[in-house]
Amino acid sequence: MRIKPLLLLLVFLAPSVGLAQSAFRIDPARTTITFVIDAVGFPQTRGVFRQFSGRLALDFNRPARSRVSFNVMAASLDTGSSSLDDYIRAPGFLDVAHHPTISFSSTNVEKRDEQTAIVNGDLTMLGVTKPAVFTVSVGRDAGRSRAVVDFVAKGVVRRSEFGMINGQPLVSDDVIITVSTEASQE
């Protein structure tokens, strides 16, 4: 009976050996970048960014060597309301005419357990770069023809740190960002 647990452990660990220091390509069709923000007297505003690119270099054996970066086209914001989208794209919020890109680049990845990592990095928005932290849930499926990894990254950004103070205090300073993606080994 002791052979079964050892065999299961080896099967579980085997895929991670093959994935060390590998580049992964995100699947845009299986990726969403969303935000949620509260405002007094209004329901939560939810939106999604439709245009982005990302790069992943993952080392499951030494997570600290992993790297993640995303570039988001700020004008691709979609809240489901064209008038609200235009308002958020304007100078009082995202100012997409002068700051077309929002970017994130990891500086450190810490493994918490087999399914969770903390990704620290630099978030640049409105020409200002500040540290940002995302808690990432990780799932792997090595049963497909290529190694596939699913991620859900969540973090809270204080918009005032980037100079976005329009609407305060009625519009919340905290913006919840969620990135869900599937990536396959290149």
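Modeller: Happy to; what follows goes through the salt bridges pair by pair. The model is a predicted one, and it holds 10 salt bridges.

Let's start with Glu110, whose side chain meets that of Arg112 in a salt bridge, at 3.3 Å from N to O. Glu110 has a relative accessibility of 29%, so it counts as partly exposed.

Next come Lys111 and Glu114, which form a salt bridge of their own, with the closest N and O atoms 3.0 Å apart. Lys111 is partly exposed, at a relative accessible area of 44%. Glu114 is partly exposed too, with a value of 40%.

Now for a pair from another part of the chain: Arg158 and Asp173 meet through their side chains in a salt bridge, at 3.2 Å from N to O. What about their surroundings? Arg158 has a relative accessible area of 40%, so it is partly exposed. Asp173 comes to 13%, and because buried means under 20%, Asp173 counts as buried.

Finally, there is a group to look at alongside these pairs: Asp27, Arg30 and Glu182 are linked in a network of salt bridges.

Terms used. Residues are numbered from 1 along each chain as its sequence is written. This is a predicted model: local features need pLDDT of at least 70, side-chain atom pairs count only at pLDDT 80 or more; totals for chains, interfaces and linings use all residues. Side-chain values use heavy atoms; hydrogens and water are left out. A salt bridge is a side-chain nitrogen of Lys or Arg within 4 Å of a carboxyl oxygen of Asp or Glu. Buried means under 20% relative accessible area, exposed over 50%, partly exposed in between (1.4 Å probe, protein chains only).
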